[in-house]
Amino acid sequence: METGGTPHDGTPQRPPVTERRLHPVTPFRRAWAPLAVLAGWAAHDPNGAQEQLDRLTGTVLLLGLAVLVPAAGLYGFLSWWFTHYAVTGTELRIRTGLLFRRTAHIRLERVQAVDVSRPLLARVAGVAKLRIDVVGAEKKDELAFLGEREARALRAELLARAAGFAPETAREVGEAPARVLLRVPPRELARSLLLTGATWGSLCAALVVPTVLWLITHSLWTVVGTALPLVGAAGARSVGRFVAEFDWTVGESPDGLRIDHGLLDRTHETVPPGRVQTVRIVEPLLWRWPGWVRVELDVAGSANSVLVPVAPRAVAEAVVARVLPGVTVPRELSRAPRRARWCLPLWWRGHGLAVTGAVFAARSGLLCRRLSLVPHAKVQSVRLTQGPWERLRGLADVHVDTGANKTVTARLRDAEEAARLLHEQAERSRTGRRDALPDRWMTTG
């Protein structure tokens, strides 16, 4: 379908806009919506649903199915038929709605990430889901489903347009090549999950709680009914993370860092350059012997949170250097004064601070260490707080707020040091924003 008229006043004619539909398999996916409503009602009120089914005869039930199934199919077909998308000179336009029409106008210069996901059934059908992450939008718009080739071609076109390529050349640019920086072996991922504190905590609870209940009640059914959910929770958490983070690959391309992962549902994500607000290096207690760390992100306007699920520290820091160019992870951090032990016994040793020419780095945690790195250019505000016990001991906390609505805190600093840090960090943030590169897609490989 093409839209656009011919002007009669002599002005240049705009190129026609070609509207496209989703993949023909989409109606089958959308036909489940009415059935899902009935399933949700039955799950919410199982007794009422059972009573209603008991009242229906076999003939009435067959007639109901004969009406419901075609109606669901018709709904899926019409919702697909009335859904179009088009790439214009300045925006991605998505028109949806059967009864109530909705048109989304996504400005191309506001696009910060385009992710491709392929659930298991979609992979079998040869289709993919495209999710568009826009600056300032809480919810991602999506196109589900497109053919795999069409999804990748559209993604490449949108990223090329976001990078500033002209409309007539954006389609010819194609998907930028990627250089693999990191691939997490499945065996290493499985070992890291076994050494996670949450897994061992759930297993210990599965041993201790049933034992205590047995000593109190001497009821086998009570013990079994308590132990099975606890063991299941520990296994489900570990298995779920293994399936989601399987074959985790980080690659570098001209449009940012690409992340591919998933055993059943493959997901292709992009970390937008310039949008990373905070990088966290997480080091659980049981990971210190093999020297592993986990790298997490806070990205403005995005739900992306994991960059590296597990890797040796040197490898992880090399990836961090690609996310934050020119940043070196501080090796030495200044600890809180010894008098801080009166405010936070024992755990005061886990807090540290380092400020370099590029980042504000604060560490917290004793058993599970978390080192947060905030580039000075990403600091939105700086605050100093003191509780009554901290004022008594001459201590203060310095809070750094970022553009991802997150806060990094340097706890239990000397009060004079904190006051000086407050003013110096405000100046560093101002000069950092002035000298920072614009938050644009990279245009060179």
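Okay, one term before we start: when I say two residues are in contact, I mean they have heavy atoms within 4.5 Å of each other. And keep in mind that this is a predicted model.

Now zoom out a bit. The largest nonpolar core here has 36 residues, and Val 279 is among those with the most contacts inside it, along with Val 276, Leu 297, Leu 307 and Val 323. Which elements give two or more residues to that core? There are helices α8 and α11, plus strands β11, β13, β14, β15, β18 and β19. There's also a second, separate core, with 23 residues, including Leu 22, Ile 94, Val 134 and Leu 158.

On to the charged residues. Across the whole structure, the search finds 25 salt bridges.

Arg 294 sits in strand β14 and Glu 245 in helix α10, 49 residues apart. Both of them are buried.

Next, Arg 280 and Asp 298, with their closest N and O atoms 2.8 Å apart. Arg 280 is in β13 and Asp 298 is in β14, so this pair ties together parts 18 residues apart in sequence. These two are both buried as well.

My last pair is Glu 283 with Arg 369, at 3.6 Å between the closest N and O atoms. That one links β13 to β19, across 86 residues. Are the partners buried or partly exposed? Glu 283 has 12% relative accessibility, so it counts as buried. Arg 369 has 33%, so it counts as partly exposed.

Some of these bridges share partners, and that joins Arg 241, Glu 245, Arg 280, Arg 294, Glu 296, Asp 298 and Lys 406 into one network.

Now for a charged residue without a bridge. Glu 188, in helix α8, is buried but has no salt bridge; the nearest side chain of opposite charge is Arg 191, 6.0 Å away. So what does Glu 188 touch, leaving aside its neighbours within four places in sequence? Trp 292, Val 310, Ala 311 and Pro 312.

In the model, residues 193–216 are 92% helix and 0% strand, with the end C-alpha atoms 33 Å apart.

Technical notes:
Residues numbered from 1 in each chain as written. Predicted model: local features only at pLDDT ≥ 70, side-chain atom pairs only at ≥ 80, totals over all residues. Heavy atoms only, no water. Helix = DSSP H or I, 4+ residues; strand = E, 2+ residues; numbered from the N terminus. Core = buried A, V, L, I, M, F, W, Y, C linked by side-chain atoms within 4.5 Å. Buried < 20%, exposed > 50% of the residue type's maximum accessible area, 1.4 Å probe, protein only. Lys, Arg positive; Asp, Glu negative; His and termini not counted. Salt bridge = Lys/Arg side-chain N within 4 Å of Asp/Glu carboxyl O.
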